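Here is a brief report on one protein model.

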Amino acid sequence: MNFILHIWRQANSQAKGFFEKHELEVEAESSFLEMLDALNERLISLGKEAIVFDHDCREGICGSCSLVINGEPHGRHRATTTCQQYMRDYQDQNELWIEPWRATAFPVIKDLMVDRSAFDRIIQADGYIPVRTGAAPEANTQPVAKPLADKAFDAATCIGCGACVAVCPNASATLFIAAKVSHLSSLPQGQLDHKRPAKMLARMEAEGFGSCSNYRECERICPKQIRTDTIATLNKLLSQR
């Protein structure tokens with residue numbers, strides 16, 4: 001399969017970026033990241049600088065891979081991370097435009113790699129609970145109803161990739177925060193610091209993310225299918241502070 005690739009190149013967050021054109025023949029069974037690997041091998045053999053992009057597990061569970069492919073964060077298939085997209089999926093789109101996440105809070109480090117440490121700082125916006133609780137209790141001493149366990153697990157599958165931010169017209173991180181808050185607040189063990197949701201939202205705004213306007217694009221694009229009902233849970237907790 002032959003592809004025409006337009007890949008975003010940018011030396012750093014302050015530099016002016018541009019699309020660099022490449023033509024490449026790849027196997028249909030190559031993953032999207034393997035295609036970039038092959039392109040980089042060719043660039044290096046020609047004495048040129050390789051394209052920088054984020055990746056780690058390549059199994060769809062770490063949240064590292066982050067590419068906008070023809071305008072879609074993670075690519076054309078729903079509930080699928082970039083590393084799990086394959087070139088055969090693009091046999092009807094032989095010209096691809098590949099960009100990094102687009103958000104003020106995710107500054108470009110280089111080429112296709114962005115700095116997502118703002119998510120870490122949101123998580124660190126004060127502790128989960130306001131008091132010391134001593135040693136952790138044995139995990140199975142308090143039964144958890146199946147519906148609650150399922151709800152908590154669904155929220156816990158958020159991998160923090162940032163696609164929800166990249167697709168949101170406001171570049172809001174509300175779905176990310178809602179997933180993190182909904183995860184443990186759904187369980188009977190312990191009680192969430194009632195000020196924590198507000199602290200996380202305040203940190204979100206300080207980092208340069210926008211506010212949620214209920215476009216629900218975040219739910220559509222999330223590779224782990226985090227639902228916007230977690231945002232309802234977040235709003236309920238905010239109303240109780």
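## Loop residues and a helix pair

The side chains of S172 and T174 are joined by a polar contact of 2.6 Å. A polar contact is a pair of N or O atoms within 3.5 Å; within protein, one must be able to donate a hydrogen and the other to accept it, and residues adjacent in sequence count only if both atoms are side-chain atoms. This is a predicted model: local features need pLDDT of at least 70, side-chain atom pairs count only at pLDDT 80 or more, and totals for chains, interfaces and linings use all residues. Residues are numbered from 1 along each chain as its sequence is written, and side-chain values use heavy atoms, without hydrogens and water.

| Residue | Loop between | Relative accessible area |
|---|---|---|
| S172 | α4 (163-167) and α5 | 5% |
| L192 | α5 (174-185) and α6 | 17% |

Beyond its neighbours within four places in sequence, S172 is in contact (heavy atoms within 4.5 Å) with C164, V165, M204, F209, G210, S211 and C212. L192 lies ten residues from A202 in sequence and 17 Å away in space, C-alpha to C-alpha.

Helix α6 (residues 196-206) packs against helix α8 (residues 229-239) at about 110°, with the axes 8 Å apart. α6 is therefore roughly perpendicular to α8 (65 to 115 degrees). P197, A198 and L201 of α6 meet L234, L237 and L238 of α8. By class, this contact has six nonpolar, no polar and no charged residues.

Notes. Axes are lines fitted to C-alpha atoms, for helices over the stretch in contact, and angles run from 0 to 180 degrees between N-to-C directions. Helices (H or I, at least four residues) and strands (E, at least two) are DSSP runs, numbered from the N terminus. Angles under 35 degrees count as roughly parallel, over 145 as roughly antiparallel, 65 to 115 as roughly perpendicular and the rest as oblique. Ala, Val, Leu, Ile, Met, Phe, Trp, Tyr, Cys and Pro count as nonpolar, Asp, Glu, Lys and Arg as charged, and the others, Gly among them, as polar. Buried means under 20% relative accessible area, exposed over 50%, partly exposed in between (1.4 Å probe, protein chains only).
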